[in-house]
Amino acid sequence: MTLDIMLKRLGLSTVQRVLPDLTSIAEKEAWSYTQFLERLVSEEIAQRAENRIANQVAKAKFPFQATIETFDFTFKSDLKLQMLGRFLGPELVSEHRSLILEGPPGTGKTHLCISIAYKSIQNGFSARFTTATALINDLRVAHDLNLALKPYLQPHVLVIDEMGYLGYGSGAADVLFQVVDQRYLKGKPILFTTNKPLKHWGEGFA
């Protein structure tokens with residue numbers, strides 16, 4: 001059995017791909033066996049981490065790509081990067097930190113929530129994005145509510161965008177409560193964006 005076949009069987013596709021180039025470099029630079037092995041393993045680990053992030057981002061269903069590094073904090077002068085603190089670290093999940101970003105349209109609330117959720121993916125967790133309208137409509141017409149709830153309960157972080165922008169009508173409060181309550185009981189964060197103060201959210205469910 002050749003080395004190429006053994007690497008393929010072990011699922012070490014990155015090692016298989018970079019081996020010829022790294023072998024040449026190792027010979028020229030006189031790497032030790034340990035150095036050579038460390039470099040091969042590090043390449044495999046880095047590629048797997050990159051693949052995991054790409055896979056989780058696809059599952060998250062973000063409407064656009066956004067990172068905290070690309071957010072313009074000078075545009076909204078009353079918000080500072082330091083204020084987000086532990087929302088950008090693993091503490092978001094480990095300390096069950098939910099967040100409500102309130103403000104008028106065009107102030108970057110969605111960008112920030114996607115950035116925080118993306119950071120959680122980088123930190124090893126999973127995330128899901130939805131608008132409040134899409135979530136409510138999805139659950140309200142579900143034949144099996146428990147099954148329909150799973151995509152909103154399983155991810156470590158859930159973004160619910162545009163909360164309170166529209167009136168939701170009959171049954172909306174019940175299905176939204178299911179998501180919020182069950183995620184709270186499981187200690188899983190929700191990131192909300194809204195243009196309405198919290199005290200006015202009930203108006204959309206009247």
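Which side chain meets that of Lys-119 in a salt bridge? In this predicted model, the partner is Glu-69, with an N to O distance of 3.6 Å. Lys-119 belongs to helix α6 (residues 109-122), whereas Glu-69 sits in the loop between α3 and α4 (81-84), so the contact ties together parts that lie 50 residues apart in sequence. The two residues were assigned to separate accessibility classes: Lys-119 is partly exposed, at 22% relative accessibility, and Glu-69 is exposed, at 58%.

The search of the whole structure returned 5 salt bridges, among them the Lys-119 to Glu-69 pair. Another of these contacts joins the side chains of Arg-39 and Glu-43, with N and O 3.2 Å apart. Both residues are part of helix α3 (residues 33-60), and because they are 4 residues apart, about one helical turn separates them. Arg-39 has a relative accessibility of 33% and is classed as partly exposed. Glu-43, at 25%, is likewise partly exposed.

A further salt bridge is formed between Arg-86 and Glu-95, whose closest N and O atoms are separated by 3.4 Å. Arg-86 is partly exposed, with a relative accessible area of 46%, and Glu-95 is also partly exposed, at 35% relative accessibility.

Technical notes. Residues are numbered from 1 along each chain as its sequence is written. This is a predicted model: local features need pLDDT of at least 70, side-chain atom pairs count only at pLDDT 80 or more; totals for chains, interfaces and linings use all residues. Side-chain values use heavy atoms; hydrogens and water are left out. A salt bridge is a side-chain nitrogen of Lys or Arg within 4 Å of a carboxyl oxygen of Asp or Glu. Helices (H or I, at least four residues) and strands (E, at least two) are DSSP runs, numbered from the N terminus. Buried means under 20% relative accessible area, exposed over 50%, partly exposed in between (1.4 Å probe, protein chains only).
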